Amino acid sequence: MTLRTLIFWPHLIAGVVAGAVVLTMSVTGVLLTYERQLNAWSDSEFRSSPPAQGAARLSVEDIVTTVRRDHPDVEVSAVTFNSQADAPVSVAAGRQTIYADAYTGRVLGEGNQGMRAFMSEVRAWHRWLSIEGEARPFARAITGWSNTLFLFIVCSGFYLWFPRKWTWQRVRPVVLFGSSLRGKARDFNWHNVFGFWSCVPLFIVVLTAMPISFPWANALVYRAVGEEPPQQGGRGGREGGGGEGAAANARGREGGARRGGAPEGGAAREGRQRSDGDRAEARPSQELPSVAGLNALWTVAERHIPGWRTINVRIPASDRAPVVFAIDKGDGGQPQHRSTLTLNRATGEVVSFEAFSDQSLGRRLRSISRFAHTGEVLGLPGQTIAGLATAGAVVLVWTGIALALRRFRAWVARRGKRQIEVVAARDASAA
């Protein structure tokens, strides 16, 4: 038995076993490629209207006060400003995300729930086959181990796609489509060509899904660089690192993730825990948290990170709680451009500041891994490459299953033919 044969059969068996689940994850992965952009597009009708050239936006205190005055039923928990002049202010109120005009404070409307609900359902299929209740952990295990088999398929396929002889006649069917091929030859050609062009980005997409699927793989990222894995905490947003909880509010995204989770930044977590811990003591019923003094702190945050694109601040429930700002210089999916600034509310002094470079190597690797899975770490080009590779996975699975079925039918036909020949030979000898 040759090495190629030894690798081929496990490759084929893994594809047959995990094919349906991998196909489901690949199709949903394609649909989720531009999730963040589609959510933003669905809310594009909400724009701020600058009253004059160079007009100043309302302060964070004015925005919160205006929203509370005009909509007393809305309990503002966080506010996000975007640096674009016509961008609305995103106001988080529990699970709600509403938009307000940055220059008047007028509420423009609530984020498009239809698009978010659709993406949430697609994500549920991607991560646990949309199975709810007590069976969800089992469904997550199915998708996780199917992804593991797919990782083996990609790695073994990389070897199998290599031609035995490096001549153009042998290489051409692996790298270029054949225009006149039909049936098995077409499926084989497509399987090789899509595999060749997508294998490297697909390897990254599949490999970086492992820490999302399994706690041991998540811990392995930290242990590989000699760090102790952090304790598993709550998951939110798209589960990155470095203040992701606050940044998720900044982007108005609901809980859940497409593709496992490093904990949020220590400063953001500490500030929120202290804020929540003071909630019962500092907030009598019907009394709203004070926003006094936030303007001065906001100015400090703006000056701390020149060139910011979004700044999010949680409204502290207590006057004694520190104020946490999640500052993003990227497009929302690039952890290397995020930072978390925590300020003393009374004095304005910096309690802590955590940029991406301040994190441990393990946390940085975990954050990069998380957003490498979706390609977002490289911005829109990275998302596009990841989406195209995932679309290639759809074709790989489809043609792989088709080739397996053709092989099975051919085996059944050969077996039937041999049986007929044996019977004919037996009858001939008896005669």
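Q334 sits in the loop between β6 and β7 (338-343). Helices (H or I, at least four residues) and strands (E, at least two) are DSSP runs, numbered from the N terminus. This is a predicted model: local features need pLDDT of at least 70, side-chain atom pairs count only at pLDDT 80 or more, and totals for chains, interfaces and linings use all residues. Residues are numbered from 1 along each chain as its sequence is written, and side-chain values use heavy atoms, with hydrogens and water left out.

- Q334 counts as buried because its relative accessibility is 11%; buried means under 20% relative accessible area, exposed over 50%, partly exposed in between (1.4 Å probe, protein chains only).
- Not counting residues up to four places away in sequence, Q334 touches E376, V377, L378 and G379; contact means heavy atoms within 4.5 Å.

**Strand residue F325**
- F325 belongs to strand β6 (residues 323-328).
- With a relative accessible area of 0%, F325 is buried.
- Leaving aside neighbours within four places in sequence, the contacts of F325 include L297, W298, I311 and V313.
- F325 and I315 are 10 residues apart along the chain, and their C-alpha atoms are separated by 10.0 Å.

**Positive patch**
- K184, R407, R414, R415 and R418 form a positive surface patch.
- Helix α15 (residues 379-430) gives the most to the patch, with four residues.
- R415 lies in helix α15 and counts as partly exposed, at 43% relative accessibility.

Note on methods
Patch = residues over 30% accessible without salt bridge, like charges linked within 9 Å, V, L, I, M, F, W, Y side chains within 5 Å. Areas by Shrake-Rupley, 256 points an atom, 1.4 Å probe, with all protein chains shown as cover. Salt bridge = Lys/Arg side-chain N within 4 Å of Asp/Glu carboxyl O. Lys, Arg positive; Asp, Glu negative; His and termini not counted. Charge placed at Lys NZ, Arg CZ, Asp CG, Glu CD.
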